Amino acid sequence: MASQDWFEKDFYAVLGVSKDVSDAELKKAYRKLARQYHPDANPGDPKAEARFKEISEAHAVLSDPQQRAEYDQLRAMGSGARFTAGGAPGGFEDVFGGMFGGGYPPGGARRGATPGDLGDIFGGLFGGGAPGGGRRFGGPTKGRDHVATVALDFMTAVRGDTVKLERPGGGKPIQVKIPAGVADGQKIRLRGKGEPSPDGGEAGDLVLTVQVRPHPVFTRDGLNLRLDVPVTFVEAALGATIEVPTLGGETVKLKVAAGTPSGRVLRVKGRGVTTAKGTGDLLATVQVVVPSRLSADAAKKLEQFAAALPDENPRDELIARAQG
């Protein structure tokens, strides 16, 4: 970017923030505008694309402490300039005289200074050479990021895998390594897989949002896996050792204690999701199953069983709490 660009452009106004904006507020304002004007959200809209580039340029300067300080210095000088018609040297005096002390005599040179001093002034301010030479402000432009969504089956998300993704608009497919334990809605950033830089800088990134298809049996709860386990009335009342499935199909044995109520959660250690952060458990929620049909003999025996139980109402406590 040339210094004249910085004189002419009000990056604070571009982002709709004040000159004393904090880093956090600056980032928040930029993200809001970037989402609104991103080309992916406005396909075929050249005005939105131009606005997005303007927003990105402003953020690139103001988010860098060194560039922001240089920009503020230049804007402060520019706000006090008084250029005469035809661009007479007197205007240049007004801009730089107060900054460096003493002003310039007619002819544009400082007392006792050589023409090379002007390069020294700009070299100290911008880090290398007079305006128009040396490095570009801010360096090469990074390419734009691409965003995409990748749908994974439940097993792939839990175990991890390498999947092939087609590039937007064609091109060579990308091999993406999916880490074990990736969750629904999680984002994966692939460095340098986005749009190339327009001026030889770093390529943009590819940002993937993961969508995990539901499993017919298991659900995720952090690193834990959950499932509902049907248990017969007799198993729940008298206790039993049952088999429950794990992710992948194999079964493990689980002990159900006598008198286990419906809704109790039983834990199988270490059979959940494994990631670099640790390994979760398998959480089995007991669902007591009531027979839908009883023979006459079974019904008679069940009535005898009920008669042998203590005369109590299991809902008494619930009603008492509800009544305050």
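The questions and answers below walk through a predicted model of one protein chain.

Residues are numbered from 1 along each chain as its sequence is written, and side-chain values use heavy atoms, with hydrogens and water left out. In this predicted model, local features need a pLDDT of at least 70 and side-chain atom pairs count only at pLDDT 80 or more, while totals for chains, interfaces and linings use all residues.

Q: What pLDDT does the chain average?
A: pLDDT is the predictor's confidence in each residue, on a scale from 0 to 100. In this chain 78% of the residues score at least 70, and the average over the chain is a pLDDT of 79.

Q: Over which residues is the pLDDT below 50, and how many contacts does this stretch have beyond near neighbours in sequence?
A: A contact means heavy atoms within 4.5 Å. The stretch with pLDDT below 50 covers residues 79-136, and beyond near neighbours in sequence its contacts in the model number 51.

Q: How many helices and strands does the secondary structure of the chain come to?
A: Both kinds of element are DSSP runs numbered from the N terminus, where helices are H or I runs of at least four residues and strands are E runs of at least two. Counted in this way, the chain comes to 11 helices and 13 strands.

Q: What percentage of the residues in the chain is buried?
A: A residue is called buried under 20% relative accessible area, exposed over 50%, and partly exposed in between, using a 1.4 Å probe and protein chains only. Among the 324 residues in the chain, the buried share is 29%.

Q: Which strand pairs with β13 in the parallel sense, and over how many bridges?
A: Two strands pair if DSSP finds at least two bridges between them. Within this pairing, Val 229 stands opposite Val 286 in β13. The parallel partner of β13 is strand β7 (residues 224-232), and the pairing runs over 8 bridges.

Q: In which sense do β10 and β13 run, parallel or antiparallel?
A: Val 265 stands opposite Thr 285 in β13, and Arg 267 stands opposite Leu 283 in β13. The two strands are joined by 4 bridges, and they run antiparallel.

Q: How many residues line the second largest pocket, and which lie nearest its centre?
A: On a 1 Å grid over the protein atoms alone, a pocket is an open set of points where a 1.4 Å probe fits, with protein on both sides within 12 Å along at least five of seven lines, and lining residues have an atom within 4 Å of a point. At least two lining residues come from each of α9 (233-238), β13 (282-289) and α10 (296-308). The lining has 13 residues, and those nearest the centre are Phe 233, Val 234, Pro 291, Leu 302 and Phe 305.

Q: Is Val 290 buried or exposed?
A: Val 290 is found in the loop between β13 and α10. Its C-alpha atom is separated by 9.0 Å from that of Val 231, which is 59 residues apart from it along the chain. Because its relative accessibility is 67%, Val 290 counts as exposed.

Q: Is Val 21 buried or exposed?
A: Val 21 lies in the loop between α2 (11-15) and α3 (23-37). Not counting residues up to four places away in sequence, Val 21 touches Tyr 12, Leu 26 and Arg 68. Because its relative accessible area is 7%, Val 21 is buried.

Q: Which residues does Glu 250 contact, leaving aside its neighbours within four places in sequence?
A: Glu 250 is found in the loop between β8 (240-245) and β9 (251-256), and at 48% relative accessibility it counts as partly exposed. Leaving aside those sequence neighbours, the contacts of Glu 250 are Val 244, Pro 245 and Arg 271.
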